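Biologist: I'd like to go through this fold with someone who knows the model. Can we take it one question at a time?

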Amino acid sequence: MAISFKHEEDGRKGKFIIMENDILAGEMTYVWAGTNKFIIDHTEAYEEFSGKGYAKQLVLKGIDFAKEKGVKIIPLCPYAKKVMEKDETLHQWLFN
């Protein structure tokens, strides 16, 4: 089983997608809120791929992206918020 990620950005909006064997398995969307933060507004692992941890992997990809850019995250998506608040090592990337 091969897992891959793609990142797309178009102006203020962007998304990360996760693929399993070249089949779309989930996505996380975000929107920039200024220059120093972005909002994760939706995270989803598609139903046929549920239970594989793909949604969490997408949130972690978003956090890696924030680290790379030196910005913070506002997790409006309830799932992303849960992931980020549950793990204390990720709190530094939350925008307060």
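This is a predicted model: local features need pLDDT of at least 70, side-chain atom pairs count only at pLDDT 80 or more; totals for chains, interfaces and linings use all residues.

Biologist: Next, the loop between β2 and β3. Is aspartate 22 there buried or exposed?

Modeller: Aspartate 22 is found in the loop between β2 and β3, and its phi is near 65°, a positive value in a residue other than glycine. Asparagine 21 lies in that loop too, with a positive phi near 50°, and is partly exposed at a relative accessible area of 41%. For aspartate 22 the relative accessibility is 67%, and because exposed means over 50%, this residue counts as exposed.

Biologist: On to lysine 37. What is the nearest side chain of opposite charge, and how far away is it?

Modeller: Lysine 37 is found in strand β4, residues 37-45, and is buried. Its side chain does have a polar contact of 3.5 Å with the side chain of asparagine 36. A salt bridge would need the charged atoms within 4 Å, and lysine 37 has none. The nearest side chain of opposite charge is glutamate 9, at 15 Å.

Biologist: What about the largest nonpolar core: which element gives it the largest share?

Modeller: That core has 25 residues, and those with the most contacts inside it include Tyr30, Phe38 and Ile63. β2, β3, β4, α1 and α2 each supply at least two of its residues. The largest share, six residues, comes from α1.

Biologist: Last one. Which residues among the contacts of phenylalanine 38 are isoleucines, as in Ile?

Modeller: Phenylalanine 38 is among the core residues with the most contacts inside the core. Leaving out residues up to four places away in sequence, its contacts include Tyr30, Trp32, Phe65 and Val71. Lysine 37 touches Trp32 and Val71 as well.

Terms used:
Residues are numbered from 1 along each chain as its sequence is written. Side-chain values use heavy atoms; hydrogens and water are left out. Helices (H or I, at least four residues) and strands (E, at least two) are DSSP runs, numbered from the N terminus. Buried means under 20% relative accessible area, exposed over 50%, partly exposed in between (1.4 Å probe, protein chains only). Lys and Arg count as positive and Asp and Glu as negative; His and the chain ends are not counted. A polar contact is a pair of N or O atoms within 3.5 Å; within protein, one must be able to donate a hydrogen and the other to accept it, and residues adjacent in sequence count only if both atoms are side-chain atoms. Contact means heavy atoms within 4.5 Å. A nonpolar core is a set of buried Ala, Val, Leu, Ile, Met, Phe, Trp, Tyr and Cys residues joined through side-chain atoms within 4.5 Å.
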